[in-house]
Amino acid sequence: MFLEICQNIWTKLQAMATGAVPGKEDTSRTGLSAGGLLLRNGGGRYTVVSPELYSLCHKSSTKFSVRCLTGATGEHTRGSSYGRRALLAAGAAVIAGVVASFSHFQKAEMKSATPQSKANENDVLEKCRTFMSPPVTDVGTLQKNKDDIKSKMELLIMETQADVCRALAEVDGSSFKVDRWQRKEGGGGISCVLQDGRVFEKAGVNVSVVSGFLSEEAAQQMKSRGKPLKGKDGTKQWWFGGGTDLTPTYLDNADAAHFHKTLKDACDQHNPKLYPDFKKWCDNYFFIKHRGERRGIGGIFFDDLESPSKAEVFEFVKSCAKAVVPCYIPIVKKHLNDSFTSEEKHWQQLRRGRYVEFNLIYDRGTKFGLATSGSRIESILMSLPLTARWEYMHEPHKGTKEAEILDILRNPKDWV
């Protein structure tokens, strides 16, 4: 669930809050608006690509989302021997959500990998001291309702945000700007952003916890996905959704295998059938239809997950969230000092353009967020790279490294 951090989730799941009422003020914010982590890793100070990772969490009457984004760039070119590998970047999107929703799929049985913690274990106040900012919900309320799924979800995404920020800041040597904001329609969020760092061109890890009513436009979007909105009668609906994918500029088979194996290990703790199903779903979701290619080399993605129980699915989501840092950071460190050529940087900019196309045209979270009243646009669009490029009728030459990655994006493969 997890960062390209996000992240995806990303994947960007949009979930509505309990008791959503069409025509009233918009209740939740899109996966994008919720926040995300876009990571682009690259050589030394010249990190490169733009991926993204988000993690959204939704619950009954409130929607939570965490999103991360990081990217790197280079102003220098230190020789070309390691250039192509230097532009390797990863993105992960993680979305964990419990939301008011109609469940209509995924009945796979999961076994709970982590026993329920005791009531007094991991005191809320102690947890909050490790966060980037105080939670959106009052700490006293979280302490009082610490066994409630909504409180657990908010604490999980706050913890995930802190873990990701610390990992990225350690690699970059810079600190995040912490931006706390309020939504007048209900709720708020915490955006953590690192820009023009030593390694990362742009990194963001956002959290949003919002509540209220859905706008008519947002309600129609949810209805198109089979969500019956009957907010006026107080009916509660919930589901979980999440995702993470890797979006490198150039292919490194070892990196792809590491990323996918880490996610598979997280899924296998609950059910060995989950990874293959969610890996295929990821390949289909992050598909840029008008280009006939994926935005990256895959990961996992799931939505409308409400079986076998809230508690068991929550534990699965938690495992995914914990996999974000280990699936991505080792790749960043591996290529930290790689160099790259101007030609490789040029290709990276073109791939970023594809990433932008997916996010603005197809991403559920982006579209849902833009249709939500009171949305925080800066947070919704935070995952977009600082720079990108589009060229007319560009096609790489056969036999090149550029053609190699493009073939994988058009024809997904199994990595583990």
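Select E357 first: in this predicted model, its relative accessibility is 9%, so E357 counts as buried. Its partner is R291, and the two side chains form a salt bridge with an N to O distance of 2.8 Å. E357 belongs to helix α10, whereas R291 sits in the loop between β9 (287-288) and β10; the two are 66 residues apart, and the pair links distant parts of the chain. R291 is partly exposed, at a relative accessible area of 35%.

**The second largest pocket**

The largest share comes from α10, with four residues. The pocket holds about 250 Å³ of space.

Next, centre the view on M393, in the loop between α12 and α13. Its phi is near 55°, a positive value in a residue other than glycine. M393 has a relative accessible area of 67% and is therefore exposed.

Then select helix α13. Which of its residues are buried? They are E402, A403, I405, L406, I408 and L409. An α-helix has 3.6 residues a turn, so residues three or four places apart point the same way. The buried residues of α13 pack against β10 (293-294) and α10.

**From the α11–α12 loop to strand β5**

Select R376 and D179. Their side chains meet in a salt bridge, N to O, at 2.5 Å. R376 is in the loop between α11 (364-370) and α12 (377-380), and D179 is in strand β5 (residues 177-182); 197 residues separate them in this link between distant parts of the chain. R376 counts as partly exposed because its relative accessibility is 22%. D179, at 26%, is likewise partly exposed.

Move on to R183, in the loop between β5 and β6 (187-195). Is R183 buried or exposed? Its relative accessibility is 4%, so R183 counts as buried.

**The nonpolar core**

Now select L168, F176, F200, F240, I297 and F316. Within the largest nonpolar core, which has 62 residues, these touch the most other members. Helix α9 (residues 310-334) supplies the largest share of this core, 13 residues. In soluble globular proteins, nonpolar side chains tend to be buried together.

Focus on F176 and display its contacts. Leaving aside residues up to four places away in sequence, F176 touches M132, C165, L168, A169, C192, V193, L194, A203, G204 and V205.

Then pick M153, a residue of helix α5. M153 counts as buried because its relative accessibility is 0%. F314 is 161 residues from M153 in sequence, and their C-alpha atoms are 8.1 Å apart in space.

**A network of salt bridges**

Select K127, E159, D163, R166 and K322, which salt bridges link into a network. Side chains of opposite charge can pair when their charged atoms come close. Within this group, K127 and E159 form a salt bridge whose closest N and O atoms are 3.5 Å apart. K127 lies in helix α3 (residues 124-128) and E159 in helix α5 (residues 149-172), so to speak two distant parts of the chain, 32 residues apart. K127 has a relative accessibility of 23% and therefore counts as partly exposed. E159, with a relative accessible area of 22%, is partly exposed as well. The total count of salt bridges comes to 24.

**Two backbone stops**

Select S307 and P308. The peptide bond between them is cis, with omega near 5°. P308 is located in the loop between β11 (299-305) and α9.

Finish at D196, in the loop between β6 and β7 (202-210). Phi of D196 is near 55°, again positive in a residue other than glycine. The relative accessible area of D196 is 58%, so D196 is exposed.

Methods: Residues are numbered from 1 along each chain as its sequence is written. This is a predicted model: local features need pLDDT of at least 70, side-chain atom pairs count only at pLDDT 80 or more; totals for chains, interfaces and linings use all residues. Side-chain values use heavy atoms; hydrogens and water are left out. A nonpolar core is a set of buried Ala, Val, Leu, Ile, Met, Phe, Trp, Tyr and Cys residues joined through side-chain atoms within 4.5 Å. Buried means under 20% relative accessible area, exposed over 50%, partly exposed in between (1.4 Å probe, protein chains only). Contact means heavy atoms within 4.5 Å. On a 1 Å grid over the protein atoms alone, a cavity is a set of points where a 1.4 Å probe fits but cannot get out, and a pocket is an open set with protein on both sides within 12 Å along at least five of seven lines; lining residues have an atom within 4 Å of a point. Grid points are joined across faces, edges and corners, and a volume is the space filled by probe spheres set on the points. A salt bridge is a side-chain nitrogen of Lys or Arg within 4 Å of a carboxyl oxygen of Asp or Glu.
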